[in-house]
Amino acid sequence: MARIPAVPTGTEPGPEFRGSLGEDRVPHTPRAITWKRRRRAVTQFWSIYRKNGMGMAGLYILVIFGAIALLAPVISSSRGLDPTLANGPILAGPSLKYPLGTDDLGRSVLTMTIWGSRISLMVGLMATVLTMIIGASVGIVAGYRGRWVDALLMRITDWFLVIPWLALAIVLASILGQSLFIIVVVIAVTSWPSTARVVRAQVLSVKQRPFVERARALGASDWHLVTRHVLPNVFPVIFANTILVVAIAILSETTLSFLGLGDPLHVSWGTILEFAYDAGATSLGAWWWLVAPGVCIVLVVLAFTMCGYAFDEILNPRIRER
Amino acid sequence: MKTRTYLLQKIGQVVLTMFFILLFNFLLFRVLPGNPAVLLARAAGARLTKADQLQLIRDLGLDKPLIGQFFTYIGDTLRGNLGKSTIVYPGQSVTSIFSEFLRPTLILVGISTILSTIFGVLMGIHAGWRRGSRFDLSSMGFSLVLYAMPEWWLGILLLIFFAVTLGLFPTGGLVSVTQNYTGFGHFVDLLNHLFLPCLTLTLAFLGEYYLLMRSSLLDVLGEEYITLARAKGLREKLVLWRHAVRNALLPTVTLVALNFGYVLAGAITVETVYSYPGLGKLTFDALSAKDFPLLQGMFLFFSLAVIIANLIADLLYAYLDPRVREA
Amino acid sequence: MSLLSVRDLFVNYRTQGGPVPAVRGVDIEIGKGEVLGLAGESGCGKSTIAGALLRLLPTGTEVTGSILLNGEDVLGMKPGRLRAVRWTETSIVFQGAMHALNPVQRVGEQIEEAILIHQQAGDREARLRVGSLLEHVGLPQRRIRDYPHELSGGQRQRVMIAMALACNPSLIIADEPTTALDVMVQAQVLKLLKELQREFGLAMLFITHDLSVLIEVCDRLAVMYAGRIVEEGPAQSVFYESAHPYTRALSAAFPAIGEGRFRRAPSGLPGDPPYPQDLPDGCTFHPRCPVAFEACPHIDPRLFDVTPGWRAACLLVDSAKSELEGARTPGSGP
């Protein structure tokens, strides 16, 4: 590893100089050094991650589904979703023309599944972003401020944790209505508490480390401590948690859609299954209509979970020994 | 006595939590945009004149100040009056509807929780003890896949395969509609109808208990007191059960409680899939019909159930882990 | 006949990167009632030896050599015999008694378990034994019903000692029993161990990284480095007149107050102990040795006699000896 030479204090740019081992253009401002270190950490992390079978498998699956979702307009036509334009055979099993069969209106299940991936993934991701924003903020503020702020926020968090998520979701959705936006909000409202707990625990452990106390003794402001010291150390945990939250968010969306709380204007894997079940696909034996979207859900959730586990293993060396 | 203070603390927390749930429930439906009378009426499918609306508002006590309404609400709830269903069973009191549908759900959730915990824990112990074995790896994969499935989808698959295709089990309901069984026949009929929903719910959560038990056991096996137990000359089985499992079981107890909310959510969806006449199916019907009193009651009831489950788990944990009782 | 006789002990751990040699050819001899100290830095293999003696190392660890306990070969014992021998003939006092005690079981029960497992007494008698054991280590009897977290560090260590005595073993292996304790408590526990050793005529293998502690209790001292014993002999000789440069450095690092020679001696060694997978050629200590010379990187010294009963693995010892012998052979001088 190249040795970084001592740097002058202050951030005024000066001439770059050769390193003690003769390297060119050694970074010499604290900021540049920090970014170089972060970049190195990322490349190091990637080289470890690459060797993790479970993590790579998950990643491949996600890339494939991501590609399908993004390329949906290219690989299939959205007119296939229009019930008025459907002209395929009703409830036909898989065939060459309709690889995943047709639904009760004659639409191709394959087309619907491809387009459904967009909504399912998008809702999952958006709900996750909202969850992480709320959960991480609450967790950081509670963990950092401590005392009564912490106690109050944790009481609220615990309260939300106690309520069964589906009960809350049902109640909220039945009042607020049904749209993609509301689904995203409802999922976020039911998911943020566990993220808040995880983030808070990590903040508490970081807060105790000597370098934080040292920085504060040097006169660092709260803002500086949080953004420059706490956040970078909490970030890996947040990231690992995010991956697992996406999995749960996708599952939640499908369940809410299945129960009829989804957005009726958009096709997602959950709504496909809702239509299928309501149309009696189970007793009619139209298994293709029910199996395809479900398998996609399982694969995507599995992929996110495997990536999340891989992340966990890498961050937590003790787990690796298992 | 430390245990008594602990108990009182816990119960105090429960009361406080329930209070906020009642508050939330109350505000949720009172703070709706729009005239509550119109909303209720619209939901009931009727159209009211202005005078009728005012009369309804006065009847429901909606014209009184909010605080007054709230206390009336609490009083009513404590007396078991949760209002009347508007659409699903119009006119019938919510509490009486609940009591009709409580037992099937209790049986379903109770049995599946017991089964998934027992099997999950046992499998987890076996996998952790024999780490790296074929059993370990295959059960890991199996559990991960189960975890990734929506439980109701698993239910649908099982339904298609066992009930529709193979015809081994009925496709839904609580009892057979064609035959009228009595006595032992009735009991078997019940079991027949219970089997698939119960299997679904058990499999749905088995994976999580398995994974947690396995990792918890692996953590414990690295501790020094396990080496000490061996050094004392204990047989491996004793080391495992008396020392390792006894400590590794603790996080699982917490998980069962934390999971209970998800188990209830599973009950809602699985009962719907199997048309199993319990509180879950009732919730689905209430939701589809926008029967607000019923939904409010459901929200209250499920929250209370989770709180009680958590309380039991806390007490059980305190019994199992003496360190917790200190503080 | 000696109580414990270890010959050519080799221990290789199995890891993802291949086998890691933790112990590379160690001989140990402990007689009845004798106290042998085993010292060295972390990672030198001393705790591994403690685990190997009762076959407590993780499965898959390769252990070769001969370990004779009261004449019986430990490595060849059937599982039933091994379990019977454990704790009754040899017991272990672990370090860091925080995690060595089962946190959800009362300490009295844990001690009782040892007695009951080996069927040395019925229930009631066992409980009485536990009470008297606790008193022996200086704890009040009512502590029987306490949980580990209700005791202080020193008290937990005493419980460990009481537990080790439960089945009247003839040999006790003390693996860093004072390392996690405050200095004052350390002194108390050491005093306790000395008294118990004298009272019961126990043989002890006392493992620690703190050499000055060993002077208090041990008859003989062995010093380990990178999986091998580099010096062993009478405790006083090894500590005060160290023949091996490593021992000299180690004893300087733990000065005894009042000893003149520590007043001005520089303490501490440069560098770190070598990784077991990456041992230096020749004498494994030579990179850190203050008196290494040209031969050291090329020859791996075995244990040479300094005097009968005192050996050190250093070429300097060998050359000093040859000088001495050279002076004695007739024809080479007056």
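This is a predicted model: local features need pLDDT of at least 70, side-chain atom pairs count only at pLDDT 80 or more; totals for chains, interfaces and linings use all residues.
Residues are numbered from 1 along each chain as its sequence is written, and chains are lettered from A, and ligands numbered from 1, in the order in which they are written. Local features need pLDDT of at least 70, side-chain atom pairs count only at pLDDT 80 or more, and totals for chains, interfaces and linings use all residues, while side-chain values use heavy atoms, with hydrogens and water left out.

We begin with chains A and B. In this pair, 41 residues of chain A are in contact with 48 residues of chain B, contact meaning heavy atoms within 4.5 Å. The size of an interface is often given as the accessible area lost when the parts come together. Here the buried area (the accessible area, with a 1.4 Å probe, that two parts lose on being put together, summed over both) is about 4100 Å², and carbon and sulfur atoms give 78% of it. On the side of chain A that touches chain B, the elements giving two or more residues are α5 (147-162), α6 (165-176), α9 (222-258), α10 (269-278), α11 (281-284) and α12 (287-315) of chain A. Helices (H or I, at least four residues) and strands (E, at least two) are DSSP runs, numbered from the N terminus. The most comes from α12(A), with eleven residues. By class, this side of chain A has 29 nonpolar, eight polar and four charged residues; Ala, Val, Leu, Ile, Met, Phe, Trp, Tyr, Cys and Pro count as nonpolar, Asp, Glu, Lys and Arg as charged, and the others, Gly among them, as polar.

Side chains of opposite charge can pair when their charged atoms come close. A salt bridge is a side-chain nitrogen of Lys or Arg within 4 Å of a carboxyl oxygen of Asp or Glu. Between chain A and chain B the count is zero salt bridges, whereas across the interface of chain B and chain C there are two. B:Arg242 forms a salt bridge with C:Glu113, with the closest N and O atoms 2.6 Å apart.

The contact between chains B and C takes 22 residues from chain B and 25 residues from chain C. These chains bury about 2200 Å² between them, 59% of it on carbon and sulfur atoms. B:Glu224, B:Leu228 and B:Lys232 supply 29% of the area that chain B buries against chain C, more than any other three residues.

Chain C also holds strands. Strands of a sheet pair through backbone hydrogen bonds, either parallel or antiparallel. Two strands pair if DSSP finds at least two bridges between them. An open sheet of eight strands in chain C has the order β6-β7-β8-β3-β9-β10-β12-β11, with mixed pairing. Its edge strands, each pairing on one side only, are β6 (90-93) and β11 (304-307) of chain C. Within chain C, β9 (residues 220-225) and β10 (residues 228-234) run antiparallel and are joined by six bridges; the bridge partner of C:Leu221 in β10(C) is C:Gly233.

Another antiparallel pair in chain C is β1 (residues 4-15) with β2 (residues 18-30), joined by ten bridges. A hairpin through two residues joins β1(C) to β2(C), and C:Val6 stands opposite C:Ile28 in β2(C).
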